[in-house]
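Here are some questions about the labels used for a protein model, each answered by setting a value against a definition.

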Amino acid sequence: MRLILKSIVFVFILSNILLAEQEKNDNGRLEAYNKLRNVMRMIEERYVDELTFNEIVDKAIDGMLSNLDAHSAYLDARKFSDMKIQTSGEFGGIGITISVRDGALTIVSPIDGSPGEKAGLKSGDIILKINEQSTLNIAIDDAVDLMRGEPNSQVQLTIVRKNEQKPLVFNIARDIIKIETVRAKRIEETDFLYIRVSSFNRNMSNRVKEELKKANKWVKGIVLDLRSNPGGLLDQAVDLSDIFLSDGVIVSQKGREKEENIEFKATANSPYENIPMVVLINGGSASASEIVAGALQDHKRAIVVGEKSFGKGSVQVILPLEKSEGLRLTIARYFLPSGRTIQALGVTPDITIYPGKAPKEDDSFSIKESDLKQHLENELEKVTPQSKDSQAENDKKDTISTENLMDDIQLKGAVDILKSWAIIKPEQTAQKS
């Protein structure tokens with residue numbers, strides 16, 4: 001009986017402690033809500049421009065989301081509609097993918113053949129101004145809105161680029177951006193297949209399978225080019241990796257909620273798992289590109305060549321609100337098979353090859369986040385228009401010639417690795433029957 005009484009007393013005390021803690025939490029929440037309500041009331045009554053309460057609420061939500069991280073955002077009806085267009089494979093604009101790095105609006109990569117690429121925009125360029133509007137503290141979605149417009153209309157970008165003493169100004173004509181996600185060519189005088197994947201849109205992995213099937217009888221080596229590929233759909237990254245892996249984890253994601261902790265694994269059917277393979281990456285390879293490169297690297301399935309990737313390894317979901325609005329919210333982070341994270345670190349290649357001369361320590365573009373805003377404000381004062389020649393493309397040929405290889409030192413390095421692989425381990429060049 002005494003033991004039962006002690007148990008009852010213990011439960012009673014524990015219940016009181018939990019109730020007190022809950023009451024404390026509830027009071028804390030109530031105080032926070034009251035603070036927010038008072039601030040919104042002051043804005044509604046005293047702000048210099050008259051704002052409706054709904055406008056104030058929208059601005060509050062927008063500010064709250066944008067202060068979480070660079071990829072979380074409030075999507076009003078227009079932005080929510082634009083978001084649906086981005087994975088459709090065709091949209092209007094100049095054809096660049098952007099992100100926020102160290103507080104600056106940064107070009108992750110221009111899309112192949114887009115007006116942005118032809119004008120000379122490069123991965124790592126910082127956008128200082130869009131037309132006459134400064135990008136300091138601008139939201140990504142607002143920057144995208146400014147750059148989109150009617151085909152043939154002009155947009156002006158002011159760019160800060162490493163090793164350039166003054167900002168560069170680019171006047172670019174907008175166009176309908178049609179994303180050709182996959183291009184494949186035979187490398188001349190070899191049995192190597194070059195596969196260029198420019199983005200991870202719908203059906204990308206099926207297109208790669210089609211090209212591999214065409215080359216099935218002769219292919220003895222593969223170069224998968226993910227340079228300046230900003231990423232896209234996670235399922236396509238998993239499917240592409242699965243083409244070349246027969247088992248093991250491809251990528252996992254981990255968040256606060258248990259249901260967000262997911263492992264994506266390779267399936268047993270991989271007819272191309274024994275073909276020697278090199279993956280090309282650079283600073284414009286992000287998100288899904290980093291998942292593929294990192295997974296193949298961790299499984300020692302491919303040699304990764306080029307430059308360190310961008311470092312975008314977080315998971316966003318779209319949560320619908322009322323009236324066709326929504327939130328884009330970061331809910332998890334990606335982890336490669338070895339357990340390492342991509343976020344802010346990127347994938348380091350097995351063999352580093354720079355497209356030109358290797359950058360020196362003193363001429364790399366490295367600014368601490370605390371100093372970046374002041375630096376960009378100073379750069380605004382140095383704007384001087386400079387013209388850029390368009391870059392010609394020659395993508396109509398079915399093969400990559402030896403002469404073409406000499407113009408792309410990273411691709412040449414990949415081909416040389418495959419040639420060495422065939423000499424050292426000739427049995428691995430045979431396909432799995």
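Q: Where is Y47 found?
A: Y47 is in the loop between α1 (2–46) and α2 (53–66). Helices (H or I, at least four residues) and strands (E, at least two) are DSSP runs, numbered from the N terminus. The model is predicted: local features need pLDDT of at least 70, side-chain atom pairs count only at pLDDT 80 or more, and totals for chains, interfaces and linings use all residues. Residues are numbered from 1 along each chain as its sequence is written, and side-chain values use heavy atoms, with hydrogens and water left out.

Q: Why is Y47 called partly exposed?
A: Buried means under 20% relative accessible area, exposed means over 50%, and partly exposed lies in between (1.4 Å probe, protein chains only). Y47 has a relative accessible area of 45%, so Y47 is partly exposed.

Q: What makes the nonpolar surface patch of about 370 Å²?
A: The patch is made by V39, I43, Y47 and V48. Patches are made of residues with over 30% relative accessible area and no salt bridge; like charges are joined within 9 Å, and nonpolar side chains (Val, Leu, Ile, Met, Phe, Trp, Tyr) within 5 Å.

Q: What makes R328 and D141 a salt bridge?
A: A salt bridge is a side-chain nitrogen of Lys or Arg within 4 Å of a carboxyl oxygen of Asp or Glu. The closest N and O atoms of R328 and D141 are 3.3 Å apart, and the two form a salt bridge. The pair links distant parts of the chain, with R328 in strand β18 (residues 326–335) and D141 in helix α5 (residues 140–147), 187 residues apart.

Q: Why is R328 called buried, and why is D141?
A: R328 has a relative accessible area of 16%, so R328 is buried. D141 has 11%, so D141 is buried.

Q: How do you know that E211 and K214 meet in a salt bridge?
A: The distance is 3.7 Å, N to O. Both residues lie in helix α6 (residues 204–214), 3 residues apart, about one turn of the helix. An α-helix has 3.6 residues a turn, so residues three or four places apart point the same way.

Q: Is E211 buried or exposed, and is K214 buried or exposed?
A: E211 counts as buried because its relative accessibility is 12%. K214, at 63%, therefore counts as exposed.

Q: Why is helix α7 called mostly covered?
A: In helix α7 (residues 234–244), 9 of its 11 residues are buried. Among them are L234, Q236 and F244.

Key: Areas by Shrake-Rupley, 256 points an atom, 1.4 Å probe, with all protein chains shown as cover.
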